[in-house]
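Subject: Handing over the structure, with notes on what was found

Dear colleague,

My notes follow below it.

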Amino acid sequence: MRLPIFLLCFFNCLSLFAEEQRFITVTAAGEVHVTPDEVVLELDVRTREKKLLEAKRKNDAVSHSLLKLLSDHQIPRASIKLDDLDVSPYFGEYGERQETPVAYDYSRSILVRLTEFDKIEPLLSDAFDAGITHVSRMQFRVSSQRKHQFEARRLAVANAREKAEHLTELAGMKLGTALQIEEHIEYNEAAADFFATAGVGDAPRPVAKSVIPNRGSEYTFIVQHGDVNAESSQLNTPGQIAISAEVKIKFEMLH
């Protein structure tokens with residue numbers, strides 16, 4: 001008689017355990033749209049000379065002129081960062097490459113952060129006159145990243161609970177407490193730290209330079225270079241930046 005009683009207790013315990021294990025797992029995202037309050041410009045100085053030291057001297061001269069120009073435009077030192085430095089031999093054009101270098105390329109990038117958007121046009125115009133060869137990036141960003149990231153995270157959790165409540169209601173049950181929460185890492189480049197920015201691709205130097213922003217911003221900006229009669233460039237709107245968060249939450253399911 002003891003064995004059947006033991007088995008009965010065993011299966012009853014399994015039944016209770018199974019009931020305790022009823023749960024639902026949902027994934028949800030939250031997103032806030034914020035008007036940017038700063039822009040980061042990546043200004044490139046590139047020189048090519050037969051001798052490496054000569055390429056460096058010319059690059060240094062332009063870079064010093066650019067740094068002086070930034071000071072004249074009252075850009076704080078904390079908003080200026082010397083970024084990428086690249087030195088490489090040049091063996092000639094494709095199909096005519098030589099076994100030994102025919103010249104050396106010396107490239108330096110300078111990042112500039114502006115909080116006054118009306119300074120963009122005059123600064124870039126003077127920077128081209130000072131000798132910069134490329135604008136590799138023009139990125140509108142948000143400085144108060146933590147504040148907006150918290151709000152995106154709050155929305156993600158609220159959306160997850162709403163979804164879980166609806167699903168459990170459709171199943172004829174009630175939603176219990178959260179058992180486990182996982183946050184998917186979100187890298188919002190438009191809200192990243194100025195001193196942790198990374199370089200991006202570049203484009204050949206034109207007379208009229210178009211600068212394309214990060215995805216989500218809507219504007220067109222053109223620098224007229226060498227044409228004093230050209231109509232003044234117009235900066236439309238920087239648009240808004242999306243800051244997002246995504247969570248995965250496991251909830252109890254109750255009768």
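Before we look at single residues, one term is needed: a residue is called buried when its relative accessible area is under 20%, exposed when it is over 50%, and partly exposed in between, with a 1.4 Å probe and protein chains only. Please also keep in mind that this is a predicted model, in which local features need pLDDT of at least 70 and side-chain atom pairs count only at pLDDT 80 or more, while totals for chains, interfaces and linings use all residues. Residues are numbered from 1 along each chain as its sequence is written, and side-chain values use heavy atoms, with hydrogens and water left out.

The chain as a whole

The chain contains 4 helices and 9 strands, where helices (H or I, at least four residues) and strands (E, at least two) are DSSP runs numbered from the N terminus. Read from the N terminus on, these elements follow the order α-β-β-α-β-β-α-β-α-β-β-β-β. Of the 255 residues, 37% count as buried, and the chain exposes about 15,800 Å², of which carbon and sulfur atoms supply 54%; such accessible areas come from the Shrake-Rupley method with a 1.4 Å probe, and for residues only the protein chains shown count as cover. If we take contacts (heavy atoms within 4.5 Å) between residues at least 6 apart in sequence, 81% of them join residues at least 24 apart.

The nonpolar cores

A nonpolar core is a set of buried Ala, Val, Leu, Ile, Met, Phe, Trp, Tyr and Cys residues joined through side-chain atoms within 4.5 Å. The largest one here has 22 residues, and those with the most contacts inside it are Leu 41, Leu 43, Leu 66, Val 112, Leu 114 and Ile 132. At least two residues of this core come from each of β2 (38-49), α2, β4, α3 (120-130) and β5, and the largest share, 5 residues, is supplied by α3. Leu 66 touches Leu 43, Val 45, Ile 110, Ala 127 and Ile 132, if residues up to four places away in sequence are not counted. Apart from this core lies another, of 12 residues, among them Val 26, Ala 28, Ala 156 and Ala 164.

Charged and polar pairs

The structure holds 13 salt bridges, a salt bridge being a side-chain nitrogen of Lys or Arg within 4 Å of a carboxyl oxygen of Asp or Glu. In one of them, the side chains of Asp 60 and Arg 108 meet at 3.2 Å, N to O. Asp 60 lies in helix α2 (residues 52-72) and Arg 108 in strand β4 (residues 103-114), so the pair ties together parts that are 48 residues apart in sequence. Asp 60 is buried, at 17% relative accessible area, and Arg 108 also counts as buried, at 14%. Lys 56, Asp 60 and Arg 108 are linked in a network of salt bridges.

Another salt bridge joins Arg 46 and Asp 44 (3.2 Å, N to O); Arg 46 is partly exposed, with a relative accessible area of 29%, whereas Asp 44 is buried, at 1%. The side chain of Asp 44 also makes a polar contact, at 2.2 Å, with the side chain of Ser 136. A polar contact is a pair of N or O atoms within 3.5 Å; within protein, one must be able to donate a hydrogen and the other to accept it, and residues adjacent in sequence count only if both atoms are side-chain atoms. Ser 136 belongs to strand β5 (residues 134-141) and is buried, with 13% relative accessibility.

The surface

Where does Leu 85 lie? Its place is in strand β3 (residues 80-90), and Leu 85 counts as exposed because its relative accessible area is 51%. Together with Leu 52 and Val 87, Leu 85 makes a nonpolar surface patch of about 240 Å². Patches are made of residues with over 30% relative accessible area and no salt bridge, with like charges joined within 9 Å and nonpolar side chains (Val, Leu, Ile, Met, Phe, Trp, Tyr) within 5 Å.

With best wishes
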